Number of protein chains: 2
Amino acid sequence: MLPKAVSEYLEANRDAHLAKLKEFIAFPSIANSRPEQCARCAEWLAGHMESLGLSARVEAGGGPPNVIAEARVDDAAPTLLIYGHYDVQPPEPLDEWRTEPFDAVVTDRCLWGRGASDDKGQLFAHLAAIEAWQRAGGGLPVNVKLLVEGAEEIGSPHMEAFLSAHADELSADAAIISDGEFFADGVPAITYALRGLAYVEVTFRGPAADIHSGLHGGAVTNPIDSLARLVGALHDADGRVALEGYYDDVLALSDDERRRWRELPFDAAAYGRSLGLDALGGGEAGFTPLERRWGRPTLDCNGIVGGYTGEGSKTIIPASASVKVSMRLVPDQDPEKVVAAFRRFVAAHTPRGIASEVKVNAEARPVLLAAESAAMDAGRAALTEAFAAAPAMIRCGASVPITELIQRLLGLDAVLMGFGLPDDNLHSPNERFRLGQLFGGMTACAAFLNRLREGLTRGGKSG
Amino acid sequence: MLPKAVSEYLEANRDAHLAKLKEFIAFPSIANSRPEQCARCAEWLAGHMESLGLSARVEAGGGPPNVIAEARVDDAAPTLLIYGHYDVQPPEPLDEWRTEPFDAVVTDRCLWGRGASDDKGQLFAHLAAIEAWQRAGGGLPVNVKLLVEGAEEIGSPHMEAFLSAHADELSADAAIISDGEFFADGVPAITYALRGLAYVEVTFRGPAADIHSGLHGGAVTNPIDSLARLVGALHDADGRVALEGYYDDVLALSDDERRRWRELPFDAAAYGRSLGLDALGGGEAGFTPLERRWGRPTLDCNGIVGGYTGEGSKTIIPASASVKVSMRLVPDQDPEKVVAAFRRFVAAHTPRGIASEVKVNAEARPVLLAAESAAMDAGRAALTEAFAAAPAMIRCGASVPITELIQRLLGLDAVLMGFGLPDDNLHSPNERFRLGQLFGGMTACAAFLNRLREGLTRGGKSG
């Protein structure tokens, strides 16, 4: 159990922690569009870590910089690597926010703001736990290393090279990533698999400029119509992705896994309503909604644009149209093979009169983690201690590219233990983090350090 | 032949006319987005007409106002109704213009600016012709009425009601519309048919807000994917529009008409190159490019938008996506029947988990005009006199809704006699009007008034 002094410190400092977290959220640290704000946010973060007694530094990482920090307490003690990211999703559409996305506010027992949960708030839970041990617990129970990324929301394009270059420095006995969520309110969870990602962008170009659709319509191939036809062909009538060989490397779900998921407290209709949907619909035939989200690969358009998009009418055949497409991949699919199949599909669906271009925005491999280890045990115990409920073992449909990189480059199966809730509006307007989850998360992070020392000292060091 | 004084007046006043036309172009009179500029432009136009000795007034028309003017010279003389429009297409995309769209400039023997040809420049040719007759020709040879519209580029939504209400006041013996073009450089033309228009906008709505495509992808129907599938289904494999009954009312092209079009000097490859296309492609199987543009109905997407359209990646399933679709109709298709078929098609292609909405932006009936009349003869003679070449009798793929309204409500088959050239970049960046066409157009308009008096006085009054 957590020393009383640590618990009491966390309880006594809730307002101070909220104030500090609001400072963190105030940076619009969007990897693609606000590099200067990312750099400022990284400096702020390193400064805050230094104030907690860590040695911290900002490291250039190809795009927005990363932050590396360390607190070495005892060479004989196990070492934990904590990963988080300080970059956030763009806040658009802005007019749908009820509060300012980068001026976080507390109402209705929630903290509202971009990054409140994903991932500034969850990373902050670890920082508060470290602070509590340092200032009230007599020092950290384990050696701690931190890696905080600045480009997770754009697919971590430079992290593989960065982690390779810093593999020795970041080596550890266990790793934890808090960039996820509970299965449901009151049901904590540890995630043992994540989907990968292949994110591409297709542009179709037709006439040199927008041209009059009355004068020329019928004689000229329309880039929007053609692109829509391509997108429409990307799924078959059963909702399966139509790329050649797309399912060849998909690891089938076991009967046992499917049975355990069916036993989870999941109400598909209520889930649909939580997203504002009367009906779920869509998806691959033959699988339940949870199976489709966690264990089956998908393809979704994330954005499309072409021609006149203002109010009213403009009668043109546009010069071009483009679409962003992301594919979520499951073990053992390979993003590079998938992208190659996508390129072939586009080539085969580019009509006469159109020039096509495919750009790859991001790739991440899917990952499957060992569910049994001393670190996993520590995670389960910490969650049970903090939230008085045993965690479910689940998968997650999202991609956290660092997980696979830590597995492959550092040889560690990270503990994926998140504190958000499914209705936190991640990547959406009105992102929020419930205060109970934030403060419970701090307790869980503090307990995890303790449990990890016990587990790894007793059971030997193993990720 | 035109009196020498009239010709000389036009020649002597070219610089003054260009300066005045630039004033006209300087108003960004875009019907949808700039109502205040439309109102100012209408006032300017009425003022200019008054200065030419016409009685002119601005009339509210439901949207941007219309301008009505008249010069009555002789109750025994025939009366001509001249139609034009002062509204213009939006200038976007702005970064593709080499000059300012509303600050017209003369270079390379062209006038460059939005509306230079469509339709401010062509309307101005009539005003210059009227001016020349009034100031140098001893007064107008016929009674003249003018109707200048402010909402042609958005499909003339209020013109039917307006023309009905002003039918007596605008009654005439003949009508002329100069809102078109030559068949080719050196080949003047009179247009005897126009396509109609049904312009609709479809919105697909899914989740209440943009949601995380990793967490939810697979379980939620994606509005972009669904809309693309609908758009992709709007044409069949032969390039035919897939709406039920779409071709039922289509008047077949006669063998004679097809033969005459094949004899026109048209080079499909050169036409494609003029639009920046390596290959034409697309279109309905079994018809030539000219037949597809002039005599067959089409369906084109004019704009599509949904989800994240900024730089780089955002991993969302968007709340909604929408597309603008315009259908060009030929005699005897009925826009209302076509819109009803479109609505049924959307309903049948709206998947579970999506709510659809169809908005009708514009409707215009196709029109076929009598090719033989005293007014047509006057048009042919005037073009031959001004450009030293006999005009071709052609159709046009665009819609000029007033033509059908003048036919139906005033009982007049207008003479469609335009002075633009096919590469004037109508509705595109870098719209232009060649000076030779502008000044030749002034001469043709002046000659038309003269020829019309002769023709209608000799042959009796008939449209």
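Predicted model: local features only at pLDDT ≥ 70, side-chain atom pairs only at ≥ 80, totals over all residues.

Reader: Is A:Asn425 buried or exposed?
Author: A residue is buried if 20 or more other C-beta atoms lie within 10 Å of its own. A:Asn425 has 22 other C-beta atoms within 10 Å, so the residue is buried.

Reader: What is the phi of A:Asn425?
Author: A:Asn425 is not a glycine.

Reader: Where is B:Ser156, and how many C-beta neighbours inside 10 Å does B:Ser156 have?
Author: B:Ser156 sits in the loop between β6 (143-149) and α5 (159-165) of chain B. B:Ser156 is not a glycine, yet has a positive phi of about 50°. B:Ser156 counts as buried, and its number of C-beta neighbours inside 10 Å is 28.

Reader: Which residue is joined to B:Asp119 by a cis peptide bond?
Author: B:Asp119 lies in the loop between β5 (110-112) and α4 (120-136) of chain B. Omega is about 0° here, and the partner is B:Asp118.

Reader: Why is chain A called as compact as a globular protein of its length?
Author: Chain A has 14 helices and 18 strands. The globule rule gives 23 Å for 463 residues, and chain A is as compact as a globular protein of that length because its radius of gyration is close to this, at 23 Å.

Reader: What percentage of the residues of chain A count as buried?
Author: The C-alpha trace spans about 80 × 45 × 45 Å along its principal axes. Residues 24 or more positions apart account for 80% of the contacts in chain A with a separation of 6 or more. Of the 463 residues of chain A, the buried share is 59%.

Reader: How far apart are the C-alpha centres of domain 1 and domain 2 of chain A?
Author: Domain 1 covers 4-194 + 366-459, and domain 2 covers 196-250 + 297-364. Their contact takes eleven residues from domain 1 and eleven residues from domain 2. On the domain 1 side, six are nonpolar, four polar and one charged. The C-alpha centres lie apart by 35 Å.

Reader: Which element gives the largest share of the side of chain B that touches chain A?
Author: 83 residues of chain B are in contact with 83 residues of chain A. Elements giving two or more residues to the chain B side include α7 (223-233) and β13 (320-329) of chain B. By class, this side has 31 nonpolar, 37 polar and 15 charged residues. The largest share is nine residues, from β11(B).

Reader: What is the bridge partner of A:Gly306 in β11(B)?
Author: Strand β11 (residues 298-307) of chain A and β11(B) run antiparallel, joined by five bridges. The partner of A:Gly306 is B:Ile304.

Reader: Which kind of axis relates the two copies?
Author: Chain B can be laid on chain A by a turn of 180° and a shift of 0.0 Å along the axis, with an RMSD of 0.0 Å. The two copies are therefore related as by a two-fold rotation axis.

Definitions and conventions
Residues numbered from 1 in each chain as written. Chains lettered and ligands numbered in written order. Domains from an automatic or database assignment. Contact = placed C-beta atoms within 7 Å. Nonpolar A, V, L, I, M, F, W, Y, C, P; charged D, E, K, R; others polar. Least-squares fit on C-alpha atoms with pLDDT ≥ 70 in both. Helix = DSSP H or I, 4+ residues; strand = E, 2+ residues; numbered from the N terminus. Buried ≥ 20, exposed ≤ 12 C-beta atoms within 10 Å, placed from the backbone. Rg over C-alpha atoms; globule rule 2.2 N^0.38 Å. Pairing = 2+ DSSP bridges.
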